[in-house]
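Here is a short report for someone meeting this structure for the first time. Keep the sequence and the 3D view at hand while reading.

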Amino acid sequence: MTTEHAASPPCPHAPGPDDREWGLAVSTAEETASLAARVGAVSDAGDVIALWGDLGAGKTTFCRALVHDRAGDGEEVPSPTFTLVQIYEPPESAPVWHFDLYRLNGPEDIWELGFDDALEDAVSLIEWPERLGRQLPLRRLDVELCFAPDLGPTARRLRLIGRGPDWARRVDRLETEHGAADGD
Ligand SMILES: Nc1ncnc2c1ncn2[C@@H]1O[C@H](COP(=O)(O)OP(=O)(O)OP(=O)(O)O)[C@@H](O)[C@H]1O
Ligand SMILES: [Mg+2]
């Protein structure tokens, strides 16, 4: 467990005074997935979860595990690299919209994908949120993934930043529960 981070983290927005930040390190993709499932369990309609990190850092791995938690293990969860968005509609819970905005031409184009509907009643997972510029909602969960070769070949440093009171509270709870489960 560590709270250290790379010198220039990919999420450029420093946490505000009322935001809640939690940093942790994971050793494997499975650990990333298990954290994602816990985030999925506390997410709800109208939530925005932004995934920050370099190519191959594990953004899709995180999203896939979150979709599996909310929509069922049977869902195939391809990377929406070319479609830009993939929609999951579990019968008994909020839809999940999984965006990969790497190929978005400009921030305004997000509205053509139906982003207003997603903000209304879905959980929105957003890879490459930097493409949204000022269209990125302020109340959100930021999840930052950084390679951590000093900790191991499949290790990552993760940082969760809950922005706005709802997410700040939930990040607090996730950290507390994680500490209790780990005994640290
Ligand atoms: N600790 C880890 N967390 C997440 N993924 C890991 C980890 N260790 C190894 N991996 C592997 O790294 C790869 C991450 O690929 P993934 O598609 O999730 O990255 P990405 O950030 O979505 O990339 P892109 O920018 O291309 O969308 C997967 O093959 C995954 O199994
Ligand atoms: Mg991806």
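This is a predicted model: local features need pLDDT of at least 70, side-chain atom pairs count only at pLDDT 80 or more; totals for chains, interfaces and linings use all residues.

Residues are numbered from 1 along each chain as its sequence is written, chains are lettered from A and ligands numbered from 1 in the order in which they are written, and side-chain values use heavy atoms, with hydrogens and water left out.

**Ligand 1**

Start with the shell around ligand 1. It holds 16 residues, of which Thr32, Lys59, Thr60, Thr61 and Thr154 come nearest. A residue is near a molecule if one of its heavy atoms lies within 4 Å of it. By type, the shell divides into 5 nonpolar, 7 polar and 4 charged residues. Here Ala, Val, Leu, Ile, Met, Phe, Trp, Tyr, Cys and Pro count as nonpolar, Asp, Glu, Lys and Arg as charged, and the others, Gly among them, as polar.

Which helices supply at least two residues each to this shell? They are helix H1 (29-41) and helix H2 (59-71). H2 gives the most, with 3 residues. Helices (H or I, at least four residues) and strands (E, at least two) are DSSP runs, numbered from the N terminus.

Threonine 28 places a backbone N or O atom 3.2 Å from a nitrogen atom of ligand 1. Glycine 58 has a polar backbone atom 3.0 Å from an oxygen atom of the ligand. Arginine 156 uses its side chain: a polar atom there lies 3.4 Å from a nitrogen atom of ligand 1. Taken alone, ligand 1 exposes 640 Å², and the protein buries 71% of that. Accessible areas come from the Shrake-Rupley method with a 1.4 Å probe; for residues, only the protein chains shown count as cover.

**The magnesium ion**

Ligand 2 is a magnesium ion, coordinated by Thr60 (OG1) and Glu127 (OE) at 2.1 to 2.2 Å. The pair links distant parts of the chain: threonine 60 sits in helix H2 and glutamate 127 in strand S5 (residues 123-127), 67 residues apart. Donors are N, O and S atoms within 2.8 Å of the metal (3.2 Å for Na, K and Ca); water is not among the atoms, so sites may look incomplete.

Are these two residues buried or exposed? Threonine 60 counts as buried because its relative accessibility is 15%. Glutamate 127 is buried too, at 2%. Buried means under 20% relative accessible area, exposed over 50%, and partly exposed in between (1.4 Å probe, protein chains only).

**Salt bridges**

How many salt bridges does a search of the whole structure find? The count is 11. A salt bridge is a side-chain nitrogen of Lys or Arg within 4 Å of a carboxyl oxygen of Asp or Glu. Three of them are listed here.

| Aspartate 172 | Arginine 20 | 2.7 Å |

Aspartate 172 and arginine 20 meet in a salt bridge. Aspartate 172 lies in helix H4 (residues 165-182) and arginine 20 in strand S1 (residues 20-26), so the pair ties together parts 152 residues apart in sequence. Aspartate 172 is partly exposed at 33%, and arginine 20 is partly exposed at 27%.

Aspartate 166 and arginine 169 both lie in helix H4, 3 residues apart, about one turn of the helix. Aspartate 166 is partly exposed at 40%, whereas arginine 169 is exposed at 53%.

Glutamate 177 and arginine 173 are 4 residues apart in helix H4, so about one helical turn separates them. Both are partly exposed, glutamate 177 at 42% and arginine 173 at 43%. Elsewhere, salt bridges that share partners join Asp19, Arg140, Asp142 and Arg163 into one network.

**Two single residues**

Serine 43 is in the loop between H1 and strand S2 (48-52). This serine is buried, with a relative accessible area of 5%. Its side chain reaches the backbone oxygen of glycine 40 at 2.8 Å.

Tyrosine 88 belongs to strand S3 (residues 85-88) and is buried at 3%. Its C-alpha atom is separated by 9.0 Å from that of valine 77, 11 residues apart along the chain.

Terms used:
A polar contact is a pair of N or O atoms within 3.5 Å; within protein, one must be able to donate a hydrogen and the other to accept it, and residues adjacent in sequence count only if both atoms are side-chain atoms.
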